[in-house]
Amino acid sequence: MTKTLEKQFEAEVKRGTYQMIINGEPVKAKSGEIMEVFNPATGEKIAEVPKAGAKDVDSAVEAARNAFDYGKWKKYPVGKRARVLNKIASIMRSRFKELVEMEVINSGKTLSAAQGQVSQAIENFEFYAGAIVGHRGEVNNVPGRFFNYTQKEPVGVAAQIIPWNYPMMMAAWKIAPAIAVGCSVVLKPASLTPITAILLTEICHEAGVPEGVVNVVTGPGASIGSYLTEHEGVDKVAFTGETATGKDIMSKASQTLKRVTLELGGKSPNLVFPDTDMEAAVNGSVFGIFYNTGQSCEARSRLFVHEDIYDEFLEKFLNQTKQLVLGDPLSDKTHIGAIISQSQLNKIDQHVQDAVKEGATIVAGGEPIKVEGFENGYWYAPTVITNVTNDMKIAQEEVFGPVVVVMKFSDEKEAIKLGNDTNYGLAAAIWAKDQGLIKRVSDGLQAGVIMVNCPFSAMPGTPFGGYKQSGFGRELSIESLDLYTETKSILSYAGSKPLNPFNL
Ligand code: NAD
C-alpha cells in the first residue's frame, strides 16, 4: 500500500468503514454494496464492509494469480520470507491491544479468550518463520548411476475460507503457512466477523508482503465462497467451517481437481476415569466445553464420566458451571461471552428443547438469558444436560454453543466405543492417571487431537485437524507446509555411458 492509501485506510477504519484489500489496495465492492457488521454482545452496528460479488472475486484471484505466476514472493530466499513473517508477528504484537479489542467487539468473545487467540495468531507467524527454513525435499535411494531428489514447490493460489468463531486465529492459521512456502492467497472471512482478517491483511502489507500475495474479500459464503471454490484461477481451497459446507466445497472443488483441506465440525468426547485427579478433571472439563462460549470446533460437548465417580464429579462440575460469569466481554472478570448471532442463539435453544422432548433433563441453564447492560445482545446460559444416551440428537449433532451432555460409562472398552460413536473425529480428552490406560484409550480413539490431562487442544507446532467427517489435513504444524506445496521429483542419470533403453 502506498503511504496515501495507508492514511486513507486508517481514516476509513476510524469511521468504521472497512475495505477489502486486493492487489495491495483498499477496494470497495464493484457493485457498491455493503454488509453491516455487529457487536453480538450489544446488538449494535460497529462497521460496514463491502459485499463482494463474482467480479470482485475475479479481481482478487487475478491479483493473486499474477503475484504467484510473475511476482517475486515465491522467488525470495527462504530466509527473506521468514523475516517478513517475523515482521508480521512483531507488528501484530505492537498492535496487540487494538487487535484484541476489535476481536472482542466483533465476535462477542471474552477478553481473555481473545488475548489467547491473538497471541496464538502471532506465535503462528513466528512458528512458520522458523519452520519454513527447515522445510525441504529429500534425496532418495536409487541405483548408483541415477540420482533423485525432491523439491517442495508452492501449490499456487490458495482460496482460504474461514468461520466466525476464531476470526483472527483462523486467518493466521491459514495465511502463515501458505505465504511461508510462497503461495498467494485470497482470504474470505465469515460475513459476521470480517474485521480482524482485514486488519491482518493490512499488517501483512506493512510488513513487506508484496502486493497481490495476500488479498481479502468480504461477502456471503453461499455466493462468493462458493464461487471461489469453483474458480479456474484457484489451485487450492483451505476451508474451516461446518461439515455440510465442507462437503459442498469438496464436491465443487473436485470439478477442477483443486487441492482441498477441510477443518470441519466436531462432537468431541471428554472421558473422565475413576483414578483421575478430580480437581484437574473438573477444571479442564468446564473449560473444555464453555471456553469461547462453546463455539469451538473442538468443544468437548460429550462428557463421559465413570460410574464410580459420576455423582461426585457431576456435583463439582455443576458447582463450577454455576460460578461462571457472563457479562461485559471486555472485562477480565468475564468467563462467558455472547453468542455470535440471533440465529445461532435460536439454533442452540432448538437443540436444547429437542433434547428435552427426547427425554433429557436440564440440570443447569437451558435457555437464552438477558445480561445486565447488554440486553440487546445474544446470550445463552451455560447448560448441562443429563439423562442422555449417545444415540440422541443432542449427543450426535454439533450444537456449537455452551451446552454439554453428561453420560456414564463403566469400563475402558465402553469409553472408547462411546467416544468413537459419532460421525466426527476432531478431538477427545482423557482424564486419568494410569499411563497404560491412557495409552490404550488414546490408541483406540478415532480423533486427530487427543488431550491427556490437558485442557488445551493445540498450540503452534502441534498438528490440528480431524478424522472421519471432521475433515482432513493438519494445520498449525510442519505438516501444513506440505499441504501448501507440491513435491517435484527430479530423477537424473549420472552414468558415464549413454543409456539405450530400447536397445536400438
Ligand atoms: P460455515 O460453514 O457456515 O461458514 C464458514 C465459512 O464458509 C464462512 O466464511 C462462510 O461464509 C463460508 N461459506 C458458507 N457457505 C459456503 C459455501 N457454500 N461455499 C463456500 N464457502 C461457504 O461455518 P461457521 O458457522 O462460520 O463456523 C462454525 C463451524 O466451523 C462449526 O461447524 C465448527 O465446528 C467449524 N470449525 C472447525 C474448526 C476446525 O479446525 N476443525 C475450527 C473452527 C470452526
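This is a predicted model: local features need pLDDT of at least 70, side-chain atom pairs count only at pLDDT 80 or more; totals for chains, interfaces and linings use all residues.

Biologist: How do the axes of H3 and H5 run relative to each other, roughly parallel or roughly antiparallel?
Modeller: Helix H3 covers residues 78–94 and helix H5 covers residues 111–131, and their axes come within 8 Å. They cross at roughly 165°. Angles over 145 degrees count as roughly antiparallel. H3 and H5 are therefore roughly antiparallel.

Biologist: How many nonpolar residues does the contact of H3 with H5 have?
Modeller: On the H3 side, Ala 82, Leu 85, Asn 86, Ile 88, Ala 89, Met 92 and Arg 93 take part. They meet Ala 121, Ile 122, Glu 123, Phe 125, Glu 126, Tyr 128 and Ala 129 in H5. By class, this contact includes one polar and three charged residues, and the nonpolar ones number 10.

Biologist: Let's move to H4. How do H4 and H7 run, roughly parallel or roughly antiparallel?
Modeller: Helix H4 (residues 96–107) and helix H7 (residues 195–206) have axes that come within 9 Å and cross at roughly 155°. With the cut-off at over 145 degrees, H4 and H7 are therefore roughly antiparallel.

Biologist: Which residues of H7 make the contact with H4?
Modeller: From H4, the contact uses Glu 98, Leu 99, Met 102, Glu 103 and Asn 106. By class, the contact of H4 with H7 has five nonpolar, two polar and two charged residues. The partners in H7 are Ile 195, Thr 196, Leu 199 and Ile 203.

Biologist: What covers the buried residues of H4?
Modeller: The buried residues in H4 are Leu 99, Val 100, Met 102, Glu 103, Val 104, Asn 106 and Ser 107. Their cover includes two strands, S3 (34–38) and S4 (45–50). It also includes the helices H3, H5, H6 and H7.

Biologist: How far apart are the end C-alpha atoms of H6?
Modeller: Helix H6 (residues 167–181) has 15 residues, and at 1.5 Å a residue it should span 21 Å.

Biologist: How many of the residues of H6 are buried?
Modeller: Buried means under 20% relative accessible area. H6 is largely enclosed by the rest of the structure, because the buried count is 15 of the 15 residues.

Biologist: Now for the loops. Is Asn 292 buried or exposed?
Modeller: Asn 292 lies in the loop between helix H10 (278–290) and strand S13 (302–306). Its phi is positive, about 60°, although Asn 292 is not a glycine. Most residues other than glycine have a negative phi. At 6% relative accessibility, Asn 292 counts as buried.

Biologist: And Asn 387, buried or exposed?
Modeller: Asn 387 is found between strand S15 (383–386) and helix H13 (393–396), in the loop. This residue also is not a glycine, yet has a positive phi of about 55°. With a relative accessible area of 54%, Asn 387 is exposed.

Biologist: Last one: which residues does Ala 52 touch, not counting residues up to four places away in sequence?
Modeller: Ala 52 has its place in the loop between S4 and helix H2 (54–70). At 5% relative accessibility, Ala 52 counts as buried. The residues touched by Ala 52 are Met 20, Ala 29, Thr 218, Gly 219, Pro 220 and Ile 224.

Terms used:
Residues are numbered from 1 along each chain as its sequence is written. Side-chain values use heavy atoms; hydrogens and water are left out. Axes are lines fitted to C-alpha atoms, for helices over the stretch in contact, and angles run from 0 to 180 degrees between N-to-C directions. Helices (H or I, at least four residues) and strands (E, at least two) are DSSP runs, numbered from the N terminus. Angles under 35 degrees count as roughly parallel, over 145 as roughly antiparallel, 65 to 115 as roughly perpendicular and the rest as oblique. Contact means heavy atoms within 4.5 Å. Ala, Val, Leu, Ile, Met, Phe, Trp, Tyr, Cys and Pro count as nonpolar, Asp, Glu, Lys and Arg as charged, and the others, Gly among them, as polar. The expected span of a helix is 1.5 Å times one less than its number of residues. Buried means under 20% relative accessible area, exposed over 50%, partly exposed in between (1.4 Å probe, protein chains only).
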